[in-house]
Amino acid sequence: MDLSCKYLGLQLKNPVIIGASALTSSISNLQTIEKMGAGAVVLKSIFEEQIKFETEKLINSDEPNIKSWQNAFQGIVNKKEFYYDEAYDYLTNYAKEHTLKQYLTLISETKKTIKIPIIASIHCNTQYDWQYFAKRIQDAGADAIELNVYLLPSSFDKNSAETEQVYFDIVNEVKKFISIPFSLKIGYYFSSLANTALKLSESGIAGLTLFNRSYNPDIDINILETSSSNMYSTEYEYIHSLRWVALLSGKLKCDIAASTGIHNYETIIKQLLAGADAVQMVSVFYKHNFEILPKMLENIANWMNLHNFNSIDSFKGLLSQKNVQNPATYERVQFIKLYSNIV
Ligand SMILES: Cc1cc2nc3c(=O)[nH]c(=O)nc-3n(C[C@H](O)[C@H](O)[C@H](O)COP(=O)(O)O)c2cc1C
């Protein structure tokens, strides 16, 4: 059974991509991922925030080559001298190079040992760093890049157009500097998601990953403090991306990767039927290990056999909004008696 497909212009042996997480940050795991049969992998993101963290760490580090700068830095901090910023900038740049080099080494070393496509991932706060990182990552040999852009529109001062412009600014800058394909991994906080997704798809990106799953705060009512909610998705959370994959499939000028809550082969098939070009999976591999992957792929092949589909393309998008008999299904948001079995 042929499970091969194309995603971001890359040839994949199947549409199952292991998404960005700590699971994709070591060469040994990446080798296992390939061995278990994944179609591609997205590396853990390199985070600009991580660089700030590294800078603070460096200020307290024992590395001999920065000791003199550290001493100078501490002296400046103590005396509140005016060139504080210069010393801090030096350490930030040092930390940036240090963190980036580790990431670039992961890419170049992994490229030597595995054959499946490697998609690097970046999350930055400033526009300048996105393109700087993207260029260096391309030079290290990544096959593609996923830009992890998740903006929570929580500012009372910015309207939706201003917030959404940030996505376009990042894309416009990055595309000037790299020639490998790149995609955007977004959240769903858009006032007009379909329209923005369409415009983004026309901006030069090769794909959209729908959707990133954010860190979510919770409240602990026993100690009256904030806490963090469950880090991992459940197998029911795919419903949200399924609707949007189905609504957008066949309408965008770029590929779609479905993400969040994809835990089993049935959901992989549903997302492909809705029109996804590929799926990304993470939480399920934290809950189990990569050894469940070959069975999932086998089950997809068996299902295809049962339904007389001999390739992914022969059923991809068959149940997208464009192709279903009742397109209103995907638009419906209210439960009414006519459309539900609830009595
Ligand atoms: C522990 C953990 C670490 C993650 N790290 C990243 C990351 O570095 N970059 C990123 O874009 N997404 C990251 N994610 C989000 C996942 O790539 C994925 O989008 C999300 O978990 C939803 O997919 P899932 O339901 O299959 O877990 C992380 C998720 C988890 C659980």
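Which residue in β11 is the bridge partner of P217? I found that P217 pairs with S228 in β11. Before going on I noted that this is a predicted model, in which local features need pLDDT of at least 70, side-chain atom pairs count only at pLDDT 80 or more, and totals for chains, interfaces and linings use all residues. Residues are numbered from 1 along each chain as its sequence is written, and side-chain values use heavy atoms, with hydrogens and water left out.

I looked up the strands β10 (residues 217-220) and β11 (residues 225-228), which run antiparallel and are joined by 4 bridges. Strands pair here if DSSP finds at least two bridges between them. Helices (H or I, at least four residues) and strands (E, at least two) are DSSP runs, numbered from the N terminus. I found E225 of β11 opposite D220. The hairpin has 4 residues between the strands, and L224 takes a positive phi near 50°.

**Helix pair.** I then checked α8 (residues 238-248) against α9 (residues 265-274): they pack at an angle of about 25°, with axes 8 Å apart. The axes are lines fitted to C-alpha atoms over the stretch in contact, and angles run from 0 to 180 degrees between N-to-C directions. That makes α8 roughly parallel to α9 (under 35 degrees; over 145 is roughly antiparallel, 65 to 115 roughly perpendicular, the rest oblique). On the α8 side I listed Y238, S241, L242, V245 and A246 in the contact, and on the α9 side T267, K270, Q271 and A274 (contact means heavy atoms within 4.5 Å). These contact residues divide into 5 nonpolar, 3 polar and 1 charged. Nonpolar covers Ala, Val, Leu, Ile, Met, Phe, Trp, Tyr, Cys and Pro, charged covers Asp, Glu, Lys and Arg, and the others, Gly among them, are polar.

**Q131.** Is Q131 buried or exposed? I found Q131 buried, at 9% relative accessible area (buried is under 20%, exposed over 50%, partly exposed in between, with a 1.4 Å probe and protein chains only). Q131 lies in α5 (residues 127-140). Leaving out residues up to four places away in sequence, Q131 touches E173, V174 and F177.

**Rings.** Rings of Phe, Tyr and Trp (its six-membered ring) pair if their centres lie within 6.5 Å; planes under 30 degrees apart are stacked, over 60 edge-to-face, the rest tilted. By this rule I have 10 aromatic pairs. The Y188 and Y189 rings have centres 5.4 Å apart and planes at 45°, so the pair is tilted. Ring pairs link Y150, Y188, Y189 and F211 into a cluster.
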